[in-house]
Amino acid sequence: MADRSSRTALLVIDMQKDFMDDQSPVYVNGGKAVVSNVVKAVGVCRNHGCLVVWVVREHDPLGRDVELFRRHFYAPGKIGPTAKGSVGADLVEGLVIEEGDYKLVKTRFSAFFNTHLHSVLQGLGIDSLVVAGVQTPNCIRQTVFDAVALDYKSITVLVDATAAATPEIHMANILDMKNVGVTVRTLQEWSDSFTS
């Protein structure tokens with residue numbers, strides 16, 4: 001079991017205040033409902049010695065590194081979503097980066113796009129990924145599809161620790177990921193797998 005744990009990383013994606021704030025332009029309607037399960041998933045990982053990777057968006061306050069379709073959120077005098085140093089870029093209450101965790105900043109949907117995530121995971125001998133966070137059709141899905149393309153041995157999406165704007169959108173994307181060989185489990189099923 002220790003060997004499995006040392007080869008597994010939990011990717012906690014975009015669990016930041018701007019994605020949970022219903023006044024934010026990047027609000028994910030289902031996000032708040034999964035916070036407690038994401039907290040539990042982090043606890044399971046820490047109890048079993050898996051690496052916790054905090055994948056967050058942090059953008060230039062002027063929006064120079066933001067996708068073209070979102071640049072209008074960063075008008076002069078406006079603090080855009082997840083701008084570096086803003087309160088909205090902070091993790092939601094209950095989630096804390098601890099010593100031994102790894103923080104990765106991304107500026108696009110996939111945690112692998114123009115980042116060093118793959119080389120870090122390879123260097124640590126990690127071949128199994130577990131994914132939690134928001135939002136299913138964008139950052140979760142693109143990260144998972146890139147992990148599939150990079151031939152990670154095992155990729156698990158925690159169905160009740162990920163969320164989208166609606167349950168229908170969430171489940172449609174979960175099905176698409178399942179259809180390319182991704183394992184879909186509830187938090188409880190995944191947690192129980194450490195003891196079976």
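Figure 1. Helices (H or I, at least four residues) and strands (E, at least two) are DSSP runs numbered from the N terminus. Residues 8–188 carry the annotation "domain: Isochorismatase-like" in an unreviewed UniProt entry; UniProt positions are given in the numbering used here, feature names are shortened, and annotations may be inferred rather than shown by experiment. The model is predicted, so that local features need pLDDT of at least 70 and side-chain atom pairs count only at pLDDT 80 or more, whereas totals for chains, interfaces and linings use all residues. Residues are numbered from 1 along each chain as its sequence is written, and side-chain values use heavy atoms, with hydrogens and water left out.

**Figure 2. Packing of helix 5 against helix 6.** Helix 5 (residues 136–149) and helix 6 (residues 167–178) pack with their axes 10 Å apart and at an angle of about 10°. Axes are lines fitted to C-alpha atoms, for helices over the stretch in contact, and angles run from 0 to 180 degrees between N-to-C directions. The two helices are therefore roughly parallel to each other (angles under 35 degrees count as roughly parallel, over 145 as roughly antiparallel, 65 to 115 as roughly perpendicular and the rest as oblique). Helix 5 contributes T136, P137, I140, R141, V144 and F145 to the contact, and helix 6 contributes I169, H170, N173, I174, D176 and M177; contact means heavy atoms within 4.5 Å. These residues divide into 7 nonpolar, 3 polar and 2 charged, where Ala, Val, Leu, Ile, Met, Phe, Trp, Tyr, Cys and Pro count as nonpolar, Asp, Glu, Lys and Arg as charged, and the others, Gly among them, as polar.

Figure 3. C45 is buried, with a relative accessible area of 0%, and C139 counts as buried at 5%; buried means under 20% relative accessible area, exposed over 50%, partly exposed in between (1.4 Å probe, protein chains only).

Figure 4. A cis peptide bond, with omega about -10°, joins V134 and Q135; Q135 lies in the loop between strand 4 (128–134) and helix 5. N114, a residue other than glycine, has a positive phi near 55°. N114 is in the loop between strand 3 (102–106) and helix 4 (117–123) and is exposed, at 72% relative accessible area. D151, also not a glycine, has a positive phi near 65°. The loop between helix 5 and strand 5 (154–163) holds D151, which counts as exposed at 66% relative accessibility. D151 and N114 are 37 residues apart along the chain, and 18 Å separates their C-alpha atoms.

**Figure 5. Position of G181.** G181 occupies the loop between helix 6 and strand 6 (183–185) and is exposed, with a relative accessible area of 63%. The C-alpha atoms of G181 and I155 are 8.2 Å apart, with 26 residues of separation in sequence.
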